[in-house]
Amino acid sequence: MSKKHVLLIDDQPVMGILLKSKLEGDFTVDIKHNGKEALAWIMEGNVPDAVVLDLNMPEMNGIEFIKEVRKFNYFDKVPLVVLSGEEGVNSRIEAFQVGADDFLIKPFNPAELTIRVNRFFDRYNFDKQ
């Protein structure tokens with residue numbers, strides 16, 4: 001069985017490298033540095049199995065990205081997991097209102113992130129039964 005494909009969107013290069021190193025054992029990982037770059041990549045025909053994204057980024061922030069990709073019907077089933085330093089409840093509420101599926105706060109536990117992303121795939125994996 002091939003690995004699921006995760007798109008990471010974070011403007012901090014160190015965070016992207018850290019996330020990729022923690023996730024690439026379980027997933028194939030691509031990194032984009034802001035929502036605009038990620039949206040352009042998607043418009044080229046790339047559809048990841050899940051997206052892990054920050055909220056605060058230049059060019060196009062996480063909320064704007066979520067709003068844009070949720071406009072596409074084929075992107076309805078792709079889980080969007082926000083990983084942000086924004087601790088306020090208003091940020092979480094806004095992210096969920098526009099279509100985020102999960103929200104974790106930085107600093108985070110890499111094992112928890114992997115479990116949270118995998119749970120979206122485990123729901124639909126009937127081969128285990």
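Which kind of contact do the side chains of R116 and E112 form where they meet? In this predicted model, the side chains of R116 and E112 meet in a salt bridge, with 2.8 Å from N to O.

- R116 and E112 both belong to helix α5, where they stand 4 residues apart, which is about one turn of the helix.
- E112 counts as partly exposed because its relative accessibility is 34%, and R116 likewise counts as partly exposed, at 24% relative accessibility.
- Salt bridges that share partners join E112 and R116 with D102 and R119 into one network.
- For the structure as a whole, the count comes to 8 salt bridges.

**A salt bridge between two loops**

- K106 forms a salt bridge with D10, and the closest N and O atoms of the two residues are 2.8 Å apart.
- This pair, too, links distant parts of the chain: K106 is in the loop between β5 (102-105) and α5 (110-122), while D10 is in the loop between β1 (4-9) and α1 (13-23), and the two are 96 residues apart.
- Is K106 buried or exposed? With 16% relative accessibility, K106 counts as buried, because the cut-off for a buried residue is under 20% relative accessible area.
- D10 is buried as well, with a relative accessible area of 3%.

- K32 has its place in strand β2, which covers residues 27-32.

**R70 and V78 in the loop between α3 and β4**

- R70 is found in the loop between α3 and β4, and V78 lies in that loop as well.
- R70 is buried, with a relative accessible area of 18%, and V78 is buried too, with a relative accessible area of 6%.
- A polar atom of the R70 side chain lies 3.0 Å from the backbone oxygen of V78.
- Not counting residues up to four places away in sequence, R70 touches F75, D76, V78, L80, V98, G99 and D101.
- With neighbours within four places in sequence left aside, V78 is in contact with V47, P48, D49, A50, V51, R70 and D101.
- The C-alpha atom of V78 is separated by 18 Å from that of D10, a residue 68 places away along the chain.

**A nonpolar patch on the surface**

- Which residues form a nonpolar patch on the surface? The patch is formed by M43, V47 and Y74, which together have about 310 Å² of accessible area.
- Y74 is found in the loop between α3 (62-69) and β4 (80-84), and this residue is partly exposed, with a relative accessible area of 45%.
- V47, another member of the patch, is among the residues in contact with V78.

**Two details of the backbone**

- Most residues other than glycine have a negative phi, and most peptide bonds are trans.
- A cis peptide bond joins K106 and P107, with omega at about -5°, and P107 lies in the loop between β5 and α5.
- Phi of E59 is near 70°, which is a positive value in a residue other than glycine.
- E59 is found in the loop between β3 (50-53) and α3, where this residue is exposed, with a relative accessible area of 59%.

Methods:
Residues are numbered from 1 along each chain as its sequence is written. This is a predicted model: local features need pLDDT of at least 70, side-chain atom pairs count only at pLDDT 80 or more; totals for chains, interfaces and linings use all residues. Side-chain values use heavy atoms; hydrogens and water are left out. Patches are made of residues with over 30% relative accessible area and no salt bridge: like charges are joined within 9 Å, nonpolar side chains (Val, Leu, Ile, Met, Phe, Trp, Tyr) within 5 Å. Accessible areas come from the Shrake-Rupley method with a 1.4 Å probe; for residues, only the protein chains shown count as cover. A salt bridge is a side-chain nitrogen of Lys or Arg within 4 Å of a carboxyl oxygen of Asp or Glu. Buried means under 20% relative accessible area, exposed over 50%, partly exposed in between (1.4 Å probe, protein chains only). A polar contact is a pair of N or O atoms within 3.5 Å; within protein, one must be able to donate a hydrogen and the other to accept it, and residues adjacent in sequence count only if both atoms are side-chain atoms. Contact means heavy atoms within 4.5 Å.
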